[in-house]
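This report describes how selected elements of the fold pack against one another. Please consult the sequence and the structure shown below.

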Amino acid sequence: MQSKYKIGLLRGNLLAAALLLALLAPAAPTLPEALLLWLATGWLGVTAMLLEFSHRRPAMVPWQLLPSLLLAALLWVAPDRYLIWLWAWAVLIMLPQPAWMAALNVLLAGLTWWSLLDRMGLEQATLSGLVLAGLLLLGLVRSRDLQPLRGPDRRRMRLIPGLRLWPRNQLSHDLIRERARARREGVHAELLILQTSPGQLWPLARRLCRFTRSFENCYHLDRRTLATLLLSRDAEQAEQRRNRLLRDLDTTARLRVTALSRVESLGDECRALERQQPPMAVIRGLEHD
């Protein structure tokens, strides 16, 4: 499934939920209940609209903290109208979240269940408590099972959806593949590494992805460093294109350009960039390459 399709599907679900709450809010009999429903509507709508632009949000920021608090507040303010929403805790517990957030969700679920005891008989309270505990346990297990799948997303540092921006470990694999392809097809390939300030990294990443070709990936190496692999017919065209790219980027970043045939390892190139004195260094290929 493509990232753009997944983002569109998630946005549609969030907007549908926002619409449902917006329809419920005018019918709320009390002002606190209506305010909570409108707050939830606003949160869902804003989250849906800003979904593609959330790359600055760290992977472990508990963005679901607000809906957890809103759910607990609704169950406390209007338990008779939203009693069925008690089971929504099993969904919230499955979301990506740090351990303390999961513990808070379990605590809030327990407190809301406890606040509803006077509306249930002993048998109902016992059965609902056991079912809720079982669902929370299943949710925690499911969340733990999904951790390996979320690992690559965390390593991507919440890269911008829609951009050809990949994590450092992907570049290590691509160096080997592109070096072999360059030799096989007789093209000129070079590694361009840029180092800038943390505040300028994401704007520079956008421009780098914009001014490189669609088949050339860009890479996020760390909070200050970007890289890309440039492909050209020959060394002369590579120099012309490199100069044009640097002019378009209009950046003061430190640069290191190395012909792919001269790249021993990504780590060596990054260390060489740290040591180099001039702001830009170009390491050309051997004559027989």
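In this predicted model, the buried residues of helix H12 pack against helix H9, strand S2 (188-195), strand S3 (218-222) and strand S5 (254-259); contact means heavy atoms within 4.5 Å. The residues concerned, within H12 (residues 266-275), are Leu266, Gly267, Glu269, Cys270, Ala272 and Leu273, where buried means under 20% relative accessible area. Helices (H or I, at least four residues) and strands (E, at least two) are DSSP runs, numbered from the N terminus.

Residues are numbered from 1 along each chain as its sequence is written. Local features need pLDDT of at least 70 and side-chain atom pairs pLDDT 80 or more, whereas totals for chains, interfaces and linings use all residues, and side-chain values use heavy atoms, with hydrogens and water left out.

Helix H9 (residues 168-185) contains Leu175, which is buried at a relative accessible area of 4%. Leaving aside residues up to four places away in sequence, Leu175 touches Leu191, Leu229, Leu260, Val263 and Leu266. Its C-alpha atom is separated by 7.7 Å from that of Leu260, 85 residues apart along the chain.

A helix pair, H10 and H11, is described next. The axes, lines fitted to C-alpha atoms over the stretch in contact, with angles from 0 to 180 degrees between N-to-C directions, come within 10 Å and cross at roughly 140°.

| Helix | Range | Contact residues |
|---|---|---|
| H10 | residues 198-211 | Leu204, Arg207, Leu208, Phe211 |
| H11 | residues 235-249 | Leu245, Asp248, Leu249 |

Conventions: Buried < 20%, exposed > 50% of the residue type's maximum accessible area, 1.4 Å probe, protein only.
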